[in-house]
Each structure stands twice: as C-alpha cells, then as structure tokens.
Amino acid sequence: MTVRRLSAGLVAVALFTPGVAACTNTGDAGPSATPSATATATASATGTAGEADTDAKQALLDSTREIRNGNFRFSMSGAGSVMEGQVHQPSQSAEMRVRLGESTDDLAISLDVIHAKPDSWVKLDLQGQAASGVPGVDRLNLGKYHHLDQSRIQGNRSLGFDFDKVDPAGSEALTQAVTDVRRTGDGAYAGTLDLSKAADAGSLDPSVVAALGAEAKSVPFTATTDAQGRLTEMVIRLPEGGRPAGQEIRVTYSDYGNATEATKPPADQVVEAPPELYNLFD
C-alpha cells in the first residue's frame, strides 16, 4: 500500500476521509462512539423522545457564543480516530493532538500541533506497515517538532489555524444548519440538520457531504449544554448510505474560560519542516 498524501484537513482526515480510514482501520469501519449515544440520536430524531420546543433552536444557536471568545478545550472523535486540544485566544495560541488508527493497523498516524502566533509546529509519528510508503518518512519520523513556514500553510485546513475563526469543529455553522430540534431534557436536545449548509465546518469534509446527496439534508444529531447554556457535546450520526457508512461524529467542549497558553517546543526539539511534510498535507 502506498500512501501519497493526507487531505481535507486534520479534523476531516481524522473523522471522514475514506482513504485514510481504510489505511488506519483493519476491522469494522462502523461507528466508534458509544452505542447509547447512537440509540439516543436515532430515537430522538424519529420523534420518540421529548417534545417539540419552539425555543430549542435558538438555545442551540446561543450555545456557541462562548466558543467565539476562544478560550476552551475540545475533542472530536469518529471512525476510531480522536482529535483533542485547546484554544487560548488571550495568548493567540492553540494546541491539538490527532490520533488516527491503532498501533495494530496498517497505518497509524499521530500528530501534535502547536500554534503560538506567529509560529506553528507539528510533530508526526507514522507507524504500521504502510508507513514505509509515505514519501520522506525518514525525514518526518524524527520525534521532533517541524517548524512550519506560515506562507506555506496559510489557508491550509490541515496545518494552519485562523485565530479569527477559533472553533476547529465549526459548531456555529452546524447549529445554524439545524432543520428540526426538540428539547429532550434539561440541557439536552435532539433533531436533524442539513449538512449541505455546513459543509465548510472544520469537522466536515465537503466532498463527503456532497457524496451523501439528498441524505445530507436530514442527518440526526443530539446535543447537550451546561448550566450556563454553553454547548458541551454534539453527536452527528451519518446516514447508513454515507462514507463511511453509519459513522458517528462526536464533538465536545469543556473548560470554558480556563484554557491555558500553549507551550512552545524547546529549541533543541525543533527542525525546519521538509518539503515532504507540506506535500503530505496538500
């Protein structure tokens, strides 16, 4: 197996990209989140849980306001992959850890990304039988942070970070795409959303949304908020006809206002990024 490049952004790679999912998953490509969440999403979306609430959609729209302040921790998971990290707008810094696949898979990828404006670094660890097929793997698997050229990563969904759009998941766009929602409990919601209206969200790969066709217009989800009405979790259940079929995407937020400044890597652990790294994420 030859792996030429990763695409569609770190989040989309971790959660959606079929090629990477095929490399990093040697078993069932089904959902990775807990069965209870799936049952809740399915039952709620079909109207068997809770009652309609005309204020529910506005509550969800309001739940993302605090995210704009850029001071929180977050996680995203799906298809056996996890992304977690924090954003700290006061210091213009952010850090993210991405894990795709397990050590027993054909290809397991780990990335540690640090942004401390105006600099960015990424450390890669490529493991598995397919890792040898990654161009320049010997220059990538150094166990050190690669200092990134900002002119090369500007606008790159994989390696760049826009401090004017601080939410890696794009939950504001997701809540704006809600087409039906009902309150199912205290700070709990369920309904459907139109993914075609949120294809630019960081947690979505536009090509996968397009591949869903008409099914993208009615995708079930559940969401929860904390006592202050701030979004704490959103779970999206892709249609069974999607790629990968029946996958569940989970996004969480925590520690609003309590994130910390990202720690820059020490100088002796930094090298300049080689061309192969940029090519990998083009």
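**Entry 1: terms and source**

I take a nonpolar core to be a set of buried Ala, Val, Leu, Ile, Met, Phe, Trp, Tyr and Cys residues joined through side-chain atoms within 4.5 Å. I call a residue buried under 20% relative accessible area, exposed over 50%, and partly exposed in between (1.4 Å probe, protein chains only). The model is predicted: local features need pLDDT of at least 70 and side-chain atom pairs count only at pLDDT 80 or more, while totals for chains, interfaces and linings use all residues. Residues are numbered from 1 along each chain as its sequence is written, and side-chain values use heavy atoms, with hydrogens and water left out.

**Entry 2: confidence**

I looked up pLDDT, the predictor's confidence in each residue, from 0 to 100. The protein chain averages 81, and 78% of the residues score at least 70. Residues 1–52 have a pLDDT below 50, yet beyond near neighbours in sequence this stretch has 127 contacts in the model; a contact means heavy atoms within 4.5 Å.

**Entry 3: the chain as a whole**

I found nine helices and 13 strands in the protein chain; these are DSSP runs numbered from the N terminus, helices being H or I of at least four residues and strands E of at least two. Of the 282 residues, 51% are buried. Where contacts join residues at least 6 apart in sequence, 63% of them link residues at least 24 apart.

**Entry 4: cores**

Which residues touch the most other members of the largest nonpolar core? In this core of 59 residues they are Leu111, Leu195, Phe221, Tyr253 and Leu277. Strand 4 (residues 93–100) gives the most to this core, with four residues. Another core, of five residues, lies apart from it and includes Ala116, Trp121, Tyr145 and Ala262. In soluble globular proteins, nonpolar side chains tend to be buried together.

**Entry 5: rings**

I searched the whole structure and recorded three aromatic pairs. Rings of Phe, Tyr and Trp (its six-membered ring) pair if their centres lie within 6.5 Å; planes under 30 degrees apart count as stacked, over 60 as edge-to-face and the rest as tilted. Phenylalanine 72 and phenylalanine 74 pair edge-to-face, 6.3 Å centre to centre with 65° between the planes. Both of these residues are buried, and Phe72, Phe74 and Tyr253 form one aromatic cluster. Phenylalanine 161 and phenylalanine 163 are also edge-to-face, at 4.8 Å centre to centre and 70° between the planes. Phenylalanine 163 counts as buried because its relative accessible area is 9%.
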